[in-house]
Amino acid sequence: MSGLPWSEPPSWHGSKVACEQATGANTTQDHHEQLAIPDITSAPIRSSLIQHLLEQQLAELRDCREGAVADYIPELAKANPEDFGIVLATADGRIYAVGDWDKTFTIQSISKPFMYGLALRLLSPSYMERKVGVEPSGDAFNAISLDPHTGIPRNPMINAGAIATAAQVWHHDPGRAEALTLEFFSSLAGRPLAVNGSVYESERASGHRNRAISHLLRNAAVIEEAPEPGLDLYFRQCSIGVTCRDLAVMAATLACQGRNPLTQEEPLDPSITTRMLAVMGSCGMYDYAGQWLYDVGMPAKSGVGGGVLAVVPGRLGLAVYSPRLDAYGNSVRGIAACRRLSQALELHLFNQTPLQQSPVRSTYQGTERRSRRFRSTAEATVLDPLRSQITVLHAQGVLDFAAVENVLARIEQAAIDGAVIILDLGQVSELPPASAALLHRQAELLQAAGQHLLLCRSSHLELPGTLRAAAFAHASLDLALEAAEDQLLEGTTGESRGGASSGREGRGALECPSQKTPTNVNQLGLLAPLAADLREAILERLELRHYPAGTLVMAREQESDQLFLVDSGRFSIFLPIQRPEATPRLARVATFSAGMVFGDASFFSGQVRMADVVADTDGSCWLLHRSAFEGLQRQNPAAAIALLTQLAIDLGRKVALCGQQLTLVEDL
């Protein structure tokens, strides 16, 4: 089976060179030319390519036996030097684990960034800045590295900074400090964790240097109480038992800005995780931090228990467990595995490709797509020449700054010759607050200029309250298109028009029949072209009914024995949309107003109705019952034929318009 070779930079120090040479790495070919995807055709179905890549890393690095198990803490010296596990946890909760991924070991210094995060959460960043710095020290993990002017530790990743951090957590709540720590770490890992008593006792008995550091911190007033309780908490946090899988989930939680991708708990908020990752990036690997960032390029933390934890923000968490350590106190295999995976999967923080996929997947004008609200002849005469002033932009993906800047530029370009811009956010997976604020400001600027930015399908995103207002946000593209059309009509007439309902908002009483009254022929556009005698024969058989807003005028599965001609108000047809992966919803098929007809297809086919019709506003319709139509056929066949002819013409227009829209949608 083909391997995954990795070129080694000349600066890679001795033990790593030996480990890489043990794998037969090719140091001359370009990485992309070297990378060979293994043949997995014979692997079990349950395997995946990523799982297979991790297994390959495990196999190739098994023979690397450089370094030695930590022995300055007696209990750590008992670790099996052959243990080796790798786990990758993605931001959406998938976990790939190989080797000794479920072997329990103690977290040791990997606890430091998490304890720092807990202190930031409990005490605030401004408070912690007065106790612990954030500058790289360039010193070993156990160096007595204090600022010569203030006496505070250089950063929270070295022992001095971690002891000071633990002391602040203990001081915050002396009675529950250990319980708070365990609860917090457990929420990060997604399962209950506990302190390994034997390791804790061994750490406490042998931790003379750390004890000296704690007294120096007390002398500098960084610790304002007796140093022993805080130091004891530090020993306990380092002695928490974890598995490689636990560490990967904890790393993935940081990748998700503090949200555990498995449990959906949020033990941290984004502002704190940002600070934690920043300190991990600059200080997490001690005096090897610069070389690590250069070679691997991921915020990370190692521990003398053999663990290494790395984070690709927004993407994944990676953990490796192998107890043999190098001179810096880092796992030899862990460093090698992280470096290889960073190269193979292009995870380096500073090797991110520019925006390749456009954040706007398609754009078109209102001439290519219109709302499902049928317009009267008078409205269509005004509206149709103006449809090019509507621009629709379909956004996609994560609208971070680079993406939203692109979207804003497209909006500004569309606004040069347009009056209304619709931004569809249905395929946007994330809209950070800063990007939402920029969109909000863009909407305000356009509004001030007499133009409009309408959003649609944005309910899954966090938007400013004012941007969620009906003037800006709409549940569907169809409703946004109708609102855009109304804006154009309003601009020509100065009259405000209400949009159609987005669903069946309640059902009032069913129709209330009223007595026949004379009708304005022009309101019955369908009948207007007919000769007066034929029209009168039809009108005699119509019945006027009034419907309060919200009334279910006709329902699915009902017998279709009535034809509806709208006299006033607005009526919408809805079909149920049922998909296995989505919540069932009602989609608007069409909206009709005065002079239009609905119910004709099922009326003449004799089939039960396939859709619901709801009164969007108070309104009325002229009803033609089947029995009345049959009587018209017997007594005045010419009038019946004339009615059928007009209905066929009207239905043909509807079908043609729907066909045109369906054809265009395929290419939008």
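# Briefing: cavities, pockets and selected residues

Cysteine 256 is buried, because its relative accessible area of 10% falls under the 20% limit for that class. This residue belongs to a predicted model, in which the protein has 668 residues, 52% of them counted as buried.

**The chain as a whole**

- The secondary structure of the protein is made up of 22 helices and 21 strands.
- About 28,900 Å² of accessible surface belongs to the protein, and carbon and sulfur atoms hold 52% of that surface.

**Cysteines**

- The count of disulfides in the model comes to zero, a count that rests on looking for pairs of cysteine sulfur atoms within 2.5 Å.
- Cysteine 621 has a relative accessible area of 0%, and therefore it counts as buried.
- Cysteine 658, which is placed in helix α22 (residues 637-665), is partly exposed, because its relative accessibility of 40% lies between the limits of 20% and 50%.
- Although cysteine 658 and arginine 372 are 286 residues apart along the chain, their C-alpha atoms are separated by 9.0 Å.

**The enclosed cavity**

- Rolling a probe the size of a water molecule over the atoms shows where empty space is left.
- When the whole structure is searched in this model, one cavity of 30 Å³ or more is found, and the volume of the largest cavity is about 90 Å³.
- The lining of the largest cavity consists of 13 residues, and those that lie nearest its centre are Ala167, His171, Ile223, Glu224 and Glu225.
- Two helices, α6 (159-172) and α10 (227-238), each supply at least two residues of this cavity lining, and the largest share, four residues, comes from α6.
- Sorted by class, the lining of the largest cavity holds seven nonpolar, three polar and three charged residues.

**The second largest pocket**

- The second largest pocket has a volume of about 1,500 Å³.
- This pocket is lined by 44 residues, of which Gly314, Arg315, Val398, Asp400 and Glu430 are the closest to its centre.
- Strands and helices both take part in the lining of the second largest pocket, since β9 (390-398), α16 (401-417), β10 (420-430) and α17 (433-448) each supply at least two residues.
- Among the contributors to the lining of the second largest pocket, α17 gives the most, with four residues.
- By class, the lining of the second largest pocket has 24 nonpolar, 13 polar and seven charged residues.

- Serine 187 has its place in helix α7 (residues 177-189), and because its relative accessibility is 11%, under the 20% limit, serine 187 counts as buried.
- Leaving aside residues up to four places away in sequence, serine 187 touches Asn260, Glu265 and Pro267.
- Alanine 415 is found in helix α16, and its relative accessible area of 12% is why alanine 415 counts as buried.
- With residues up to four places away in sequence again set aside, alanine 415 touches Ile421, Leu446 and Gln451.
- Alanine 415 and alanine 449 are separated by 34 residues in sequence, and from C-alpha to C-alpha they are 9.9 Å apart in space.

**Two residues with a positive phi**

- Most residues other than glycine have a negative phi, and most peptide bonds are trans.
- Glutamate 346, which is found in the loop between α14 (332-344) and β8 (360-365), has a phi near 55 degrees, a positive value in a residue other than glycine.
- The relative accessible area of glutamate 346 is 36%, so this residue is partly exposed.
- Arginine 457, which lies in the loop between β11 (452-456) and β12 (473-474), likewise has a positive phi, near 55 degrees, and it is a residue other than glycine.
- Arginine 457 is also partly exposed, because its relative accessible area of 31% lies between the limits of 20% and 50%.

Note on methods: Residues numbered from 1 in each chain as written. Predicted model: local features only at pLDDT ≥ 70, side-chain atom pairs only at ≥ 80, totals over all residues. Heavy atoms only, no water. 1 Å grid on protein atoms, 1.4 Å probe; cavity = no way out; pocket = protein on both sides within 12 Å on 5 of 7 lines; lining within 4 Å. Points joined across faces, edges and corners; volume = space filled by probe spheres on them. Nonpolar A, V, L, I, M, F, W, Y, C, P; charged D, E, K, R; others polar. Buried < 20%, exposed > 50% of the residue type's maximum accessible area, 1.4 Å probe, protein only. Areas by Shrake-Rupley, 256 points an atom, 1.4 Å probe, with all protein chains shown as cover. Contact = heavy atoms within 4.5 Å.
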